[in-house]
Amino acid sequence: MATYAIGDIQGCYEELRGLVESIAFDPATDRLWLVGDLVNRGPRSLEVLRYVKALGDRAVVVLGNHDLHLVMQAEGYGRANAEDTLEPILAAPDRDDLLSWLRSRPLFHVEGEYAMVHAGLLPSWSVAQASELSEEVRSALMASDFRDFLAAMWGSQPDEWHPALRGWDRLRVVVNAMTRMRFCTREGRMDFRSKGPPSGAADRALPWFDVPGRASADHTLVCGHWSALGLRIEPRLLALDSGCLWGGSLTAVRLEDRQVFQLPCPRRVVPAGWD
């Protein structure tokens, strides 16, 4: 049995299937860990969703910002973007089943020494606390009044964690950290202005995983979301967004021995814009 963690797919179905075939993935014995952003900007998001959903418990998925954007668009919240490629999903006969399945995915998954999140964790959060906070968001997304949460979910404030936060502000901080963050200060204030490589951070901001004393450093964090960072393999970090959508590679890492597998991807013309 092997577990393969795979970086951001973003609708690149042919590349996903090509990578899965190249690693000889066997759904009878193996599993896929998918770091989120299954959909959007790439050409075949609908096929990606159908394929991953059909794998059942052989695919472990955490939500990314583009996945949440799809859920919001389906319910009439947020704004559409010129680079969106979500219409085939929204028009599909099985859209409700696909969206219900997607909405039930967590933001964070922990298993043994590994923990998976799309973007990152704030410095003060232990893995146990992050698991609890992820479950709060998941419960809100699965509740009968989930549309109320969607209406209040997006926005960049508050930009730091306080244990006393309640309501939508509390959940919004969790969503922003786990699906959007790249940089934050040592004190845990998120910086959404910087989107480039680590050298492009604003004053006092660091890549979230480089903040000294990070409480989650006792686990190996598996993440994506940061194509400008590229593939980064460190003792306690597997950052797997190697820019498939942008003509880089789709990357898989076998967690049992950390062997890296990559499939080169064709360059696509994708308008710059929403991250």
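These are my notebook entries on a predicted model of one protein chain.

**Entry 1: the whole chain**

I started with the overall make-up. The chain holds eight helices and 13 strands. Next I looked up the radius of gyration, which is 17 Å, while the globule rule gives 19 Å for 275 residues.

**Entry 2: inside and outside**

How much of the chain is buried? I found that buried residues make up 59% of the 275. Then I checked contacts with a separation of 6 or more: 67% of them are between residues 24 or more positions apart.

**Entry 3: helix 1 against helix 2**

I wanted to see how one pair of helices meets. Two packed helices are described by the angle between their axes and the distance between the axes. Here helix 1 covers residues 13-22 and helix 2 covers residues 45-54. Their axes come within 8 Å and cross at roughly 35°. Which residues make the contact? From helix 1 I wrote down Y13, L16, R17 and V20, and from helix 2 E47, V48, Y51 and V52. Sorting the residues of this contact gave me six nonpolar, two charged and no polar.

**Entry 4: two positive phi angles**

Next I went through the backbone and stopped at A24, which has a positive phi of about 55° although it is not a glycine. I found A24 in the loop between helix 1 and strand 2, the strand at 31-34. R41 is another non-glycine with a positive phi, this time about 80°. The place of R41 is the loop between strand 2 and helix 2.

Is A24 buried or exposed? Its relative accessible area is 56%, and exposed means over 50%, so I put A24 down as exposed. For R41 I got 10%, and buried means under 20%, so R41 goes down as buried.

**Entry 5: a cis peptide bond**

Last, I looked at the bond joining Q157 and P158. This peptide bond is cis, with omega at about -5°. Where does P158 sit? I traced P158 to the loop between helix 7 (146-153) and helix 8 (167-179).

Notes
Residues are numbered from 1 along each chain as its sequence is written. This is a predicted model: local features need pLDDT of at least 70, side-chain atom pairs count only at pLDDT 80 or more; totals for chains, interfaces and linings use all residues. Side-chain values use heavy atoms; hydrogens and water are left out. Axes are lines fitted to C-alpha atoms, for helices over the stretch in contact, and angles run from 0 to 180 degrees between N-to-C directions. Helices (H or I, at least four residues) and strands (E, at least two) are DSSP runs, numbered from the N terminus. Contact means heavy atoms within 4.5 Å. Ala, Val, Leu, Ile, Met, Phe, Trp, Tyr, Cys and Pro count as nonpolar, Asp, Glu, Lys and Arg as charged, and the others, Gly among them, as polar. Buried means under 20% relative accessible area, exposed over 50%, partly exposed in between (1.4 Å probe, protein chains only). The radius of gyration is taken over C-alpha atoms; the globule rule is 2.2 Å times the number of residues to the power 0.38.
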